[in-house]
Amino acid sequence: MALCYFSASTAQTTYHSAIGLRIGTGYYDLFSASYKTFLSESASAIELDFGVKPATNYRTGCCVLDDNGNTMISFSASYQYHVPISALPGLQWFIGGGLVLTNTFSDNSSYRGIGLGVFPTGGADYKFPKIPLDVSVDIRPTFRVASPAYYNYENFYFPDFGFSGMNWIIW
């Protein structure tokens, strides 16, 4: 997962909001536009991601999916609770959870359709002290609640790792 964040203000050791690009392992998104904001002055944050997994040949779970006509778009929202790590200022770990809504586009009607999943999340976030840059890593094991017909064979996906880098702080 990678997030790119930009700031017109001076860099701080903490930030309120950021936008960027998330790069994940590609279960429901490979690339996402991302927005993260902290709720007032608390340790709680909301992250919103709008992503795409382009059509490609790939292996997932027990099966090889060779229909490269499948493209998936997704929208995910997660709540994160951040805890500072005092030994390294700017570093914090977080835990939380969220929902993901997907839509698969395919010539094969068994793949095509809307899906819904839930996931716990956890990771680490580091804000560089003198520049408006933040990087983070996370994991999101995902449980499918609803999916197109053929996707029902795999209702749990682990791991779903992500990296956020080159994050531009906007506020």
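This is a predicted model: local features need pLDDT of at least 70, side-chain atom pairs count only at pLDDT 80 or more; totals for chains, interfaces and linings use all residues.
**Thr-142**

I started at Thr-142, which is found in strand β10, residues 142-146. I looked up its relative accessible area and got 1%. Buried means under 20%, so Thr-142 counts as buried. Its side chain reaches the backbone oxygen of Arg-140 at 3.0 Å.

Next I listed the contacts of Thr-142, leaving aside neighbours within four places in sequence; among them are Tyr-27, Tyr-28, Val-100, Phe-119 and Tyr-157.

**Salt bridges**

I went on to the charged pairs, and the count comes to 6 salt bridges. Which residues does Arg-22 bridge to? One is Asp-29, with the closest N and O atoms 3.3 Å apart, and another is Asp-138, at 3.4 Å. Arg-22 sits in strand β1 (residues 17-24) and Asp-138 in strand β9 (residues 133-139), so this pair ties together parts 116 residues apart in sequence. I checked burial too: Arg-22 and Asp-29 are both buried, and Asp-138 is buried as well.

Back at Arg-140, I found its side chain in a salt bridge with Glu-47, 3.5 Å from N to O. Arg-140 is in the loop between β9 and β10 and Glu-47 in strand β3 (residues 44-53), 93 residues apart. Both Arg-140 and Glu-47 are buried.

Last entry: Arg-22, Asp-29, Glu-47, Asp-49, Asp-138 and Arg-140 are linked in a network of salt bridges.

Definitions and conventions: Residues are numbered from 1 along each chain as its sequence is written. Side-chain values use heavy atoms; hydrogens and water are left out. Helices (H or I, at least four residues) and strands (E, at least two) are DSSP runs, numbered from the N terminus. Buried means under 20% relative accessible area, exposed over 50%, partly exposed in between (1.4 Å probe, protein chains only). A polar contact is a pair of N or O atoms within 3.5 Å; within protein, one must be able to donate a hydrogen and the other to accept it, and residues adjacent in sequence count only if both atoms are side-chain atoms. Contact means heavy atoms within 4.5 Å. A salt bridge is a side-chain nitrogen of Lys or Arg within 4 Å of a carboxyl oxygen of Asp or Glu.
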